[in-house]
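Trainee: I would like to go through this model by question and answer. Please state the cut-offs as the terms come up.

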Amino acid sequence: MSENAFRALPSVEKIAAALRSHVPPSVATAVARGAIDDARSAIGRGESPPSHEEVLARARELLESEALTSLQPVINATGVLIHTNLGRVPLGSRQLDEVRRIVSGYSNLEYELEAGSRGSRYGHARSRLARLTGAEDALVVNNNAAAVLLVLSALAAGKEVIISRGELIEIGGEFRIPEILAESGARLVEVGTTNRTHLADYERAIHPETGLILKVHPSNYRVVGFTASVEAQALAKLARGRGVCFVHDIGSGLLAAPEDVDWIQGEPSVERALAEGADLVTFSGDKLLGGPQAGLIAGRRELIAQVSRHPLLRALRVDKMTLAALEATLDLYLSNDLTAIPVWALATATSEELEGRAKDLARHLSEQRTEVKAEAIPVRSVAGGGSLPETDLSSWGVALSHATKNAGELARALRTAPQPVVARVEDDRVVIDLRTVFPDQDPALLESLLHALR
């Protein structure tokens, strides 16, 4: 291809000028340059040079593509209640109302109104957490990994931390307990084996260099068969007798659950972990607690004070939006209004409710799209988010198969719909699990399904 083909391409400035009424100049220039680079590549492959209109159309496609990759709401039809990739858990109207009330103007985030002097952001959720858990004091940071890191840094830097080999977990994204421990400056002391650890293993490991005993709840896996582990109560008694701090990381952040949720029984609550003798308990705010992303530390007052003085806290602190959402969440627990917390509202939806919605959705799809087979079926949902492994919930969903599209193509069409829907694929069918779809999302779900089937 001659150089004339390249010279015939419009300039970056001309393409950018046509876009500037819609986007900032820097964005218009970057997108125009990308569209012209694509045109040059096409010419280099022997294709005909695109016209000005074709290059401009490509630039607009690139703009739309960038918009699709930005943060946007999706409908979670996977049946995974706590879906880390989809933002863990949603917040409800009362939680969002409190965030809006606080962030729409100034607030007393770090100001004591009565004294008229500087205050601490960490005191806002403290009393609520103490009342709900029985803790003497509490502290909030930006996630549970940060909570564990801060506790280890403040209480065990330069010392040894004893932990069972069966609890050296990976918490997601290839972040592992030994790596977090190493970053804190503490030295790891492993006891027991992967499947069996006894109290005597801990007893033998304690010596003057011991900083603390750490117990990590295996919230994202189960070891079954020939196994043994030491109960938290026994570890707490041992730690007290030897003058060592005992920290229990329970992860999922269970405070309480609605009365009819029987599948939660095996999960340790924060209150129980403290009652069993833990000096400090660390847990997440955005899993079974149902609030914003946060890491919470609850326990003995003097230890919370020691942790609060560590300089790392500045890098791990939470903002006013997180604190507002967390306080609103805790207030719902204090008023025993758990179904106003979305994760519990979804978890407590009855099979009869879900079945009725699934049959309605399947009927509407079958009536409007003859090329699709839509069938309401019973399915199983899971808690997800590193919580309650091997625990599932009965649910109902809609299984879809298409006359010309395979399940992968249909699932992709749903993900790229104007209102994206993330579903799962089973037996070459797309399954829409309604356990994680709010009832008021059903019309938008139907519209996205019809869009994807066209």
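Mentor: Buried means under 20% relative accessible area, exposed over 50%, and partly exposed in between (1.4 Å probe, protein chains only). This is a predicted model, in which local features need pLDDT of at least 70 and side-chain atom pairs count only at pLDDT 80 or more, while totals for chains, interfaces and linings use all residues. Residues are numbered from 1 along each chain as its sequence is written, and side-chain values use heavy atoms, with hydrogens and water left out.

Trainee: Is Tyr 106 buried or exposed?
Mentor: Tyr 106 sits in the loop between α5 and β2 (111-112); helices (H or I, at least four residues) and strands (E, at least two) are DSSP runs, numbered from the N terminus. Its relative accessible area is 87%, so Tyr 106 is exposed.

Trainee: How far apart in space are Tyr 106 and Arg 454?
Mentor: In sequence, 348 residues separate Tyr 106 and Arg 454. From C-alpha to C-alpha, the distance in space is 48 Å.

Trainee: Is Val 247 buried or exposed, and which residues does it touch?
Mentor: Val 247 belongs to strand β8 (residues 245-251). With a relative accessible area of 3%, Val 247 is therefore buried. Contact means heavy atoms within 4.5 Å. Not counting residues up to four places away in sequence, Val 247 touches Val 151, Leu 212, Ile 213, Leu 214, Lys 215 and Leu 280.

Trainee: Which residues touch the most other members of the largest nonpolar core?
Mentor: A nonpolar core is a set of buried Ala, Val, Leu, Ile, Met, Phe, Trp, Tyr and Cys residues joined through side-chain atoms within 4.5 Å. The largest one has 55 residues, and a second, separate core of 32 residues includes Ala 154, Val 161, Leu 212 and Val 307. In the largest core, the residues asked for are Ile 213, Phe 283 and Trp 344.

Trainee: What is the volume of the largest pocket?
Mentor: On a 1 Å grid over the protein atoms alone, a pocket is an open set of points where a 1.4 Å probe fits, with protein on both sides within 12 Å along at least five of seven lines; lining residues have an atom within 4 Å of a point. Grid points are joined across faces, edges and corners, and a volume is the space filled by probe spheres set on the points. For the largest pocket the volume is about 910 Å³.

Trainee: Which residues of its lining are the closest to the centre of the largest pocket?
Mentor: Elements giving two or more residues to this lining are β1 (75-76), α5 and α15 (342-347). Of the 32 lining residues, the closest to the centre are Gln 72, Pro 73, Val 74, Ile 75 and Leu 86.

Trainee: How many salt bridges are there?
Mentor: A salt bridge is a side-chain nitrogen of Lys or Arg within 4 Å of a carboxyl oxygen of Asp or Glu. One of them joins Arg 20 and Glu 13 at 2.8 Å, and Glu 110, Arg 118, Arg 121 and Arg 317 are linked in a network. The count is 32 salt bridges.

Trainee: What separates Arg 101 and Glu 98 along their helix?
Mentor: The side chains of Arg 101 and Glu 98 meet in a salt bridge, 2.8 Å from N to O. Because these residues are 3 apart in helix α5 (residues 93-103), the separation is about one helical turn.
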